[in-house]
Amino acid sequence: MPGVVKLFGEHAVVYGRPAIAAAIDRGTWATCTASDRLTVEVSGHSARLVYNAEGGSVEARGAEGFLSYVSTALRLARDTWGPLRAAIRLEGDFPPGAGVATSAGAVVAVLATYAACRGARLDRGELARLAHMVELEVQGAASPMDTWVATHGGVVKLRASPFSAEPIETSVDAYVVVLFPRRGTTGQIVADVKRLVGSRRSASAVLDAIGAVVEEAEACLRAGDAECVGQLMYINNWLLGALGVVDAEAVSLIERARPYIYGGKISGAGRGGAVLLLPRDFNTVKVLVGHMPHYVVKVDRGGVRVI
Ligand code: PMV
């Protein structure tokens with residue numbers, strides 16, 4: 001299950017504007033083995049969650065936030081494909097809650113593994129729909145961006161309602177993701193932006209401006225014009241700053257990296273979390289961010305895979 005980075009349009013996508021996201025070649029792996037009961041184990045990055053679906057017992061360390069996603073995904077999976085007795089294990093490249101669609105990845109992974117274990121045919125459309133239902137139920141508000149892109153792969157322009165998803169072919173396909181500690185969950189940050197949008201007319205103008213950036217960025221991506229993509233990443237980042245979700249650390253990193261990148265922005269809900277850089281010079285950028293958790297990522301074009 002690939003992870004997902006938001007290239008353009010996060011937050012504004014919740015208000016009907018388009019967004020562009022990309023599946024990446026790092027994400028979540030899942031396996032399924034026969035067992036006398038249904039359990040889900042999430043591990044990696046010193047976090048661990050073991051959930052026994054029958055008894056409802058939980059053992060969690062650092063991954064508590066995943067519990068409601070896992071239990072909700074299992075309930076929907078049972079309703080869709082029937083009961084299952086198996087041990088499902090998930091392992092991720094990113095720490096939980098990093099803002100790289102780790103929750104969407106876990107949900108898609110649980111659902112796809114459950115279906116495969118039950119011998120059900122993999123239907124990406126249904127998987128994406130169920131995974132979005134889980135995110136909606138757990139978070140209260142969620143666009144279908146992460147779950148759709150993690151399921152289908154590639155670079156995708158999306159609209160939440162009416163839903164549309166259009167693949168974008170592009171040669172601008174390698175980035176560096178830097179992770180910062182996250183302050184607040186996606187749900188809380190989305191709720192803060194909602195309050196701002198509800199109380200200040202100007203905030204809607206910011207959302208419109210983000211929508212315009214997305215349209216322009218689509219053309220730049222299709223043309224393989226990294227210079228233009230980078231410039232628009234900067235613009236998008238300042239617009240996200242106007243919504244109050246870009247921290248000083250993110251701005252400072254992007255400014256320090258400026259000579260070596262085409263552009264940079266936060267990726268996802270913000271307030272810490274992921275910063276996405278489009279390097280001109282990968283080696284210098286890697287040295288610059290060497291003391292922070294970082295990942296060189298390439299666009300994944302395959303989406304969810306069952307092996
Ligand atoms: O930080 P993440 O990876 O959970 O991304 C959130 C993206 C938002 O646009 C802010 C919310 C959404 O549901 O699209």
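Student: What does the accessible surface of the protein chain come to?

Tutor: About 12600 Å², with 52% of that surface belonging to carbon and sulfur atoms. Keep in mind that this is a predicted model.

Student: And how much of the chain is buried?

Tutor: Buried residues are 53% of the 307 in the protein chain.

Student: What radius of gyration does the protein chain have, and what would a compact globule have?

Tutor: The protein chain has 19 Å. A compact globule with 307 residues would have a value near 19 Å, so the two agree. Along its principal axes, the C-alpha trace spans about 55 × 40 × 35 Å.

Student: How many helices and strands are there?

Tutor: Nine helices and twelve strands.

Student: What share of the contacts joins residues 24 or more positions apart?

Tutor: 72%, counting contacts with a separation of 6 or more.

Student: Charges next. How many positive and negative ones are there, and how far apart are their mean positions?

Tutor: The protein chain has 32 positive and 30 negative charges. Their mean positions are 3 Å apart.

Student: Let's pick a helix. How far apart are the end C-alpha atoms of α2?

Tutor: They are 22 Å apart. Helix α2 covers residues 102–117, which is 16 residues. At 1.5 Å a residue it should span 22 Å, so the model agrees with the expectation.

Student: Is α2 largely enclosed or exposed?

Tutor: Largely enclosed by the rest of the structure, because 14 of its 16 residues are buried.

Student: What comes just after α2?

Tutor: G119, with a positive phi of about 80°.

Student: Which residues other than glycine have a positive phi?

Tutor: H11 is one of them, with phi near 70°. R271 is another, at about 55°.

Student: Where do H11 and R271 lie?

Tutor: Both are in loops. H11 lies between β1 (2–8) and β2 (19–34). R271 lies between β10 (261–267) and β11 (273–279).

Student: Is H11 buried or exposed?

Tutor: Buried. Its relative accessible area is 5%, and the cut-off for buried is under 20%.

Student: Now V177. Where is that?

Tutor: In strand β9, residues 174–180. V177 is buried, with a relative accessible area of 1%.

Student: What is V177 in contact with, beyond its neighbours within four places in sequence?

Tutor: V5, A274, V275, L276, P293, H294, Y295 and V297.

Student: How far is V177 from V297 in sequence and in space?

Tutor: They are 120 residues apart in sequence. In space, C-alpha to C-alpha, they are 7.1 Å apart.

Student: Last one, A257. Which helix is it in?

Tutor: A257 is in helix α8, residues 248–257. A257 counts as buried, at 0% relative accessibility.

Key: Residues numbered from 1 in each chain as written. Predicted model: local features only at pLDDT ≥ 70, side-chain atom pairs only at ≥ 80, totals over all residues. Heavy atoms only, no water. Helix = DSSP H or I, 4+ residues; strand = E, 2+ residues; numbered from the N terminus. Rg over C-alpha atoms; globule rule 2.2 N^0.38 Å. Buried < 20%, exposed > 50% of the residue type's maximum accessible area, 1.4 Å probe, protein only. Contact = heavy atoms within 4.5 Å. Areas by Shrake-Rupley, 256 points an atom, 1.4 Å probe, with all protein chains shown as cover. Lys, Arg positive; Asp, Glu negative; His and termini not counted. Charge placed at Lys NZ, Arg CZ, Asp CG, Glu CD. Expected span 1.5 Å × (residues − 1).
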